[in-house]
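Hi there,

Here is the structure I promised to pass on to you. Have a look at it first, and then read on for what I found.

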Amino acid sequence: MRNRIAHWLQGRGYRGVIIGLPYLWLLLFFFIPFCLVLAISFGSRTPTAPPFGYGGEHPWISFVGYARLFQDDLYLRAFLVSLSNAATATVLCLLLGYPMSLALTRVSASWRNILLMLVILPFWTSFLLRVYAWMGLMGKNSWFNGLLTDAYNLLTPASWAITSVPMMHSNFAVVLVMVYTYLPFMILPLYANLERLDPVLDEAAMDLGSRPFRVFLDVTLPQSIPGIIAGAMLVFIPAAGELVIPTLVGDASSPMIGRVIADEFSSASDWPMAASVAIVLLLLMVGPMMLYTHYQGRAEAGEEP
Amino acid sequence: MADPFIRIDNVSKKFGTFQAVQDVSLTVAQGEIFSLLGGSGCGKTTLLRMLAGFEEPSAGSIFIDGQDMAGVPPWQRPVHMMFQSYALFPHMSVEKNVGYGLKHEDMTAATRKARVAEMLELVQLTPFGHRKPHQISGGQRQRVALARALARQPKLLLLDEPLAALDKKLREHTQFELMSIQERTGVTFIVVTHDQEEAMTLSDRIAVMDKGRVKQVGAPTEVYEYPNSKFVAGFIGSITAFPSKVSAVVGDVATVQVAAFQGEVQARSVPGLSVGQEVTLAVRPEKLVISQARPEGANVIAGQVKDLAYFGKDSLYRITLPSGELISVHSVNAGRSSGGRPDWDDQVYLSFAPSAAILLVE
């Protein structure tokens with residue numbers, strides 16, 4: 001019996017299972033649901049449950065959802081707000097996270113463990129709780145807002161004086177909380193990438209006449225691009241579809257796309273519309289990613305002269 | 001006397017409580033290939049890193065071409081290094097790697113390109129300019145590293161175990177190539193190595209290091225034939241050493257009593273020897289003559305063959321002395337037949353010239 005298991009483990013069947021499992025997972029939990037959503041997006045809204053159906057007459061599928069995407073500028077604006085908020089948050093995460101990741105690779109091993117722990121520590125409290133904490137901080141009567149208000153009043157002419165900094169219910173608040181929430185998703189892949197770089201290469205560049213900042217530009221930065229892209233995707237993709245943060249701290253008059261999808265599903269009970277928005281969002285996210293993977297694969301295969 | 005090209009003055013380096021380099025003073029002439037030879041942890045790499053500017057000496061100073069290097073950062077030193085791992089930039093082509101240092105030179109793009117082409121030709125890698133480092137072999141990578149380090153025409157090239165990562169055949173070939181490139185460019189080389197053969201063939205002079213100190217400096221023949229300590233004698237080549245006692249010194253010949261030989265032998269004297277002094281007598285295996293008939297003259301020891309290893313061109317014997325101690329003898333198989341060569345358990349006589357024996361005080 002043991003022999004047969006060992007034999008199987010060395011065989012092709014074993015490899016097939018190992019390779020097949022993730023595909024099965026993707027099929028069950030990504031591809032099939034995706035097909036369902038795609039199917040729903042071509043339906044039309046019905047007042048009865050389930051809240052969508054297919055028209056009896058030709059054409060029996062409907063493009064109403066997709067058509068409305070381009071007609072009603074609510075959707076277009078929601079996409080733009082989402083993409084710009086997500087992009088801003090990604091850039092800020094990168095600017096904050098890169099030096100932190102680099103520092104993590106340069107400190108002693110014991111410090112590194114403590115600092116890494118501090119990066120992950122916020123995950124130990126509920127995400128919602130942390131958003132509520134920010135709401136408290138940004139609110140008109142908080143010490144944080146008071147401090148900022150005092151600082152502002154001190155630095156500007158008396159005629160510009162304000163009673164509090166209007167932070168809540170703005171894109172600023174959304175970006176701030178998203179940067180706070182997603183920063184570890186930037187730091188961890190970047191750190192994993194930077195940590196693998198050989199410090200001897202830095203010495204070699206210095207030896208050949210480069211000052212430390214030049215070494216960073218020539219040696220560290222180009223080699224960390226895969227880490228930057230991985231981190232940027234981990235931040236940008238969930239940030240673009242974010243629902244909770246914009247709902248709690250965002251500007252209700254210019255919703256983000258996640259909010260639009262949720263509203264269409266629940267209050268408007270227009271499933272086909274919600275599905276259309278979701279599909280377009282998915283295409284917007286997956287397209288660049290596939291392009292990147294394609295070029296990455298080509299670059300790794302290497303160019304022959 | 002003219003100031004030497006490179007002068008290392010009483011340099012020490014401490015890491016915490018660990019003394020990596022201890023009061024080292026050396027001079028290297030322009031155009032020389034100078035080796036720092038020693039086992040791991042002897043301080044040779046630390047000394048090299050101090051020359052490159054990656055470490056500052058805790059005490060002492062380093063002068064390169066008359067310029068004090070104290071406080072001069074690596075990027076401003078007229079020194080380039082070939083790293084043991086080669087440290088090629090993986091995201092740059094061979095050409096870009098070689099041209100990297102030239103970015104800091106004030107030259108036109110065309111001149112830079114010509115210089116890169118010239119360097120690639122020097123190391124015979126012209127067809128590989130567009131490849132990335134991972135697309136070429138280990139030997140080619142080594143040559144890229146050399147070309148990159150030489151491109152800016154450094155005054156001094158530091159080579160950290162330049163041949164360690166190559167296999168044996170390639171190593172021999174590369175050794176001669178390194179020497180010919182050094183000859184053509186005239187750049188001063190300082191080589192760090194733990195391989196005594198590598199040091200012997202490459203270098204004009206060798207500094208043997210142990211525990212942070214320089215034990216002996218000299219030409220390869222000098223450190224081999226006239227080692228000044230048991231450490232150097234044992235580190236370079238093989239040697240058999242016996243404790244002995246000086247019984248007479250006449251001119252440059254000393255007579256010493258060797259317990260293992262149960263008799264007296266004559267050896268070339270060293271300065272400052274006095275009668276009654278405890279010294280070490282050391283003999284290299286190839287300086288001993290093995291014969292079955294007792295030869296005439298002094299310095300003859302009787303023994304019995306315990307082991308013999310036949311390598312073809314030569315044989316290695318292990319001879320048991322009357323005292324029970326063992327001595328190695330290396331003998332070239334000049335004749336073709338095996339007749340007349342000592343065999344297992346044969347009674348043999350070993351002899352050596354007084355000048356072949358080394359007396360070591362330290």
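In chain B of this predicted model, B:K245 stands opposite B:Q257, a residue of strand β12(B). The pairing behind this is between strand β11 (residues 240-250) of chain B and β12(B), which run antiparallel over six bridges. Two residues lie between the strands in their hairpin, and B:G251 there takes a positive phi near 60°.

Now turn to β13 (residues 263-268) of chain B: β12(B) pairs with this strand too, in the antiparallel sense over six bridges. Here B:Q257 stands opposite B:E264. The hairpin of β12(B) and β13(B) has four residues between the strands, and B:Q262 in its turn has a positive phi of about 50°.

Which residues of β12(B) are on its covered face, and which on its uncovered one? The covered face has B:A254, B:V256 and B:V258, while B:V253, B:T255 and B:Q257 make up the uncovered face.

Helix α4 (residues 73-106) and helix α8 (residues 171-196) of chain A pack at an angle of about 40°, and their axes are 6 Å apart. Because of that angle, α4(A) counts as oblique to α8(A). The crossing of α4(A) with α8(A) is right-handed. What kinds of residues make up this contact? There are 21 nonpolar residues, six polar ones and one charged one.

Enjoy exploring!

Note on methods:
Residues numbered from 1 in each chain as written. Chains lettered and ligands numbered in written order. Predicted model: local features only at pLDDT ≥ 70, side-chain atom pairs only at ≥ 80, totals over all residues. Axes fitted to C-alpha atoms, helices over the stretch in contact; angles between N-to-C directions. Parallel < 35°, antiparallel > 145°, perpendicular 65-115°, else oblique. Left-handed = near helix turned anticlockwise from the far one by under 90°. Nonpolar A, V, L, I, M, F, W, Y, C, P; charged D, E, K, R; others polar. Buried ≥ 20, exposed ≤ 12 C-beta atoms within 10 Å, placed from the backbone. Pairing = 2+ DSSP bridges.
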